[in-house]
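Please consult the sequence and the coordinates together while reading.

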Amino acid sequence: MKKLFSIVMLLVAFSINAQDKTLPKIGTVTGKVLDVNLQQPLPYVNVVIKDVNQNIITGGITSEDGSFNVNQIPLGKSIVSIEFLGYKTESKTIEITNSNKNINLGTINLSESAESLEEVTVVAETSTIQQKIDRKVITIGKDLQTAGANASDIMNNIPSVNVDQQTGNISLRGNENVRVMVDGKLSNVPIAQLLKQIPSTAIKSIELITNPSAKYNPEGMSGIINIKLHKNTKLGFNGNLNIGLTNEVYAKFNSSIDLNYRNGKFNFYGSYGNNIGKYDNFGYIDQSNDNSRQDFQFFNNNKSHLFKVGVDYYLNDNNTLSFFTNQNIFEGNGVGTTNLSFPDQNLYQRQIFGSDSENNSGQYNFVYKHIFKDENETLDIEVDYNDFTNTEVADFNYINFSFPPDYNDFVDTERDQTTINVDYVKPINEDSKLEIGAEARLFNTDLGYRSTGQTFSSTGTIIPTPSTAFDYKRDIFSAYITFGKTINEKWSYQVGARAEQVKVEAEALNMFTDETTQVLPFTNDYFQIYPSAFLTYAASDKNSYQFSLSRRVDRPGLQQVNPIREWSTPRVSSFGNTELQPQFTNSAEANYTRQLKKGSITAGVFYRIIEDNINRFVAIDRTNISAGNSILSYDNFDNTSAYGIELSSNYRPTKWWNFNASFDLYSQSQTGITEFIDANDLSTATVDDIETRKTEVENLVWNFRMFNNFKATKNLSLSLFAMYRGEEQGVQFLRKPMYFVNTGIRYSFMENNRATLSINYNDIFNTMRFEFDTDTPYPSTGQFNWESNTWNVALSYRFGGGKYRALQRKQRDDNESSGGGGFM
């Protein structure tokens, strides 16, 4: 609302210009506006230039850092009026002369008006897309909030983003090697789990950083997705309450409450969110070489609770301390049934799987911020510590199997991560800025595994399953420097580089019942420099261009290197690969943004080369070749490349209809090693019958999505979303096309529309499923389904009022590649 008010005032200033036009307009006035109590920048403040008779001449608004620059001020005396809703107006008299054309007012402190109105967090009706120098920002309006109850639900509405509904993994431009942050930070909660706990109404914006600068950690092949939440937004005591219910086969309940209290030098905030529900998943795999079929049915009963408590303390105008902690508690119970049948042999087998898991995680974050005499010169010191513990007990029962016998698996996980950041920003002059920083990331994990089952040895004999202890340690030390400059208010550039020294030490220790041990050590030390460059050109108010280059890395995630079995069916077992190497990417992209009268459109092209590409790999299980079993793991494939185009737009054809639409098309080439059984009779096949081939694939993939919002009345709106994801050929799998349609209705009521009721019906044609074909290592076709044809009811209520300027934390990335879950 404040931004809209500022824009309206600016338009008024231009439209009723009453200054004597005979005077030359040669003057410029600059400055910066801060909240007097918090000493934090105030964006979107009106800067109105008037003559001595109070007639408006021109004006502008402050940027996100509170600065302003207004030109074309005529000779003579003028009045600069600083106006912002809820604050006292400040006025300054200036005089433009031939010898004094540029006037710097310095810092202008605004104090809150005693008669300021009660405020609430204003959410725009329509979501918007904005292209910035190093990222695309999607501001989440009420239209996208109706797309679903949580963050995972609305991700598919974001341009170039897809969510795998089976695994919860997120991909950007068709690549799952993407970093996901919340408020600029990695959570120790698994991303798929965390996104289901974030209510859609809590999301302020989503940033797509496809070519991050050297300031960010270089991890994430296709970039970074940063979810920014509403928080600390009001004076006094205030909050937000959300509850939701989703149902198809089973009911799922989620709720959250956010509370905030700010007064004087302290700002306290806290939140609680939960996600409680039962989930149904099912699918099948038909294997034609032995005419077998696997039918899967999985049931999960999950309960998760997320707590957050924090405080900001403003010591004085130049120093701020902040601390918060996140605590997550998760309990999960799962039951899975796999039916393995051979119709031509009249043979039927069944595996029944049960799992009980509990995990607790905690995050502790401390920030110190210092502002120097020049407000744009800052020093930030941040310390972040995460710990995570998990206990899982799995029960395997077999019917009509001669092998394996029934058994239990026990897995214990402990891990912790410490991150220390130091960032320094130094403005060199009004047009140039230097940033330097250093970071240390220390990651440790210990996993213990024991089993009551049996397995095949390397010689083919049956032995008790060995216990495994897996220790993994990775230390990363890095430093970066970036330099940015603006030229003639139209051109700007930023260049930088990040240097990293990485040391990895891992050891898998297999302990057999005869007291012998097998040690599998792994070390990997490497030094890399990651450069980046950005160039923007603002041709006019309506046209802007951006070009960027960067080099990035994707280090293997824990599940990708963990040698302990993640899950198992009678024919497929999933393991990590301890010798997995990092993959690197070099990317370039260019974007053009056109502002339209009723919206905007952004077009972009990109190109990337990936070295030592990490991907899913299905290998033949050499311990039991005649059974036709497979090992699902990860491997480094040969270098791959991809290039493509993206189009996105938000537009309002009429007062009652607006839409967001996006289209992306990319060509991708991949090369990898695949395995085949070169034998007519699988039952007699041996290791000598395994054949490996180098496989090269090229394919063209396109995706389209469109979100429509229809405003029926002032308080009632309807939504319609459609998405199509095209066919994609990988080295081993052909993923078939998928499409779905969602619809919703939203009604706002009570004073100031504090309450909102949403009703959504998703996948109304029940077409959302994952289908695939493959020839390696065995010719197969399959399909997996989940509860996509759901209805959802959600209620949101806001209470309290006031304004805020809480500590602006650094946004950075320290995630790693997501690993487990799912089949593909």
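## Positive phi values

Asp763 is buried, with a relative accessible area of 0%; buried means under 20%, exposed over 50% and partly exposed in between, with a 1.4 Å probe and protein chains only. This residue has a positive phi of about 50° although it is not a glycine, and lies in the loop between E43 and E44. Strands are DSSP runs of at least two residues (E), helices of at least four (H or I), numbered from the N terminus.

Gln72, in strand E4 (residues 67–74), also has a positive phi, near 60°. Gln72 is exposed, with a relative accessible area of 52%.

## Basis of the model

The model is predicted: local features need pLDDT of at least 70 and side-chain atom pairs count only at pLDDT 80 or more, while totals for chains, interfaces and linings use all residues. Residues are numbered from 1 along each chain as its sequence is written, and side-chain values use heavy atoms, without hydrogens and water.

## Cis peptide bonds

Phe403 and Pro404 are joined by a cis peptide bond, with omega about 5°. Pro404 lies in the loop between strand E21 (378–399) and strand E22 (407–427).

Another cis peptide bond links Thr776 to Pro777, with omega about -10°. The loop between strand E44 (770–774) and strand E45 (780–786) holds Pro777. Most residues other than glycine have a negative phi, and most peptide bonds are trans.
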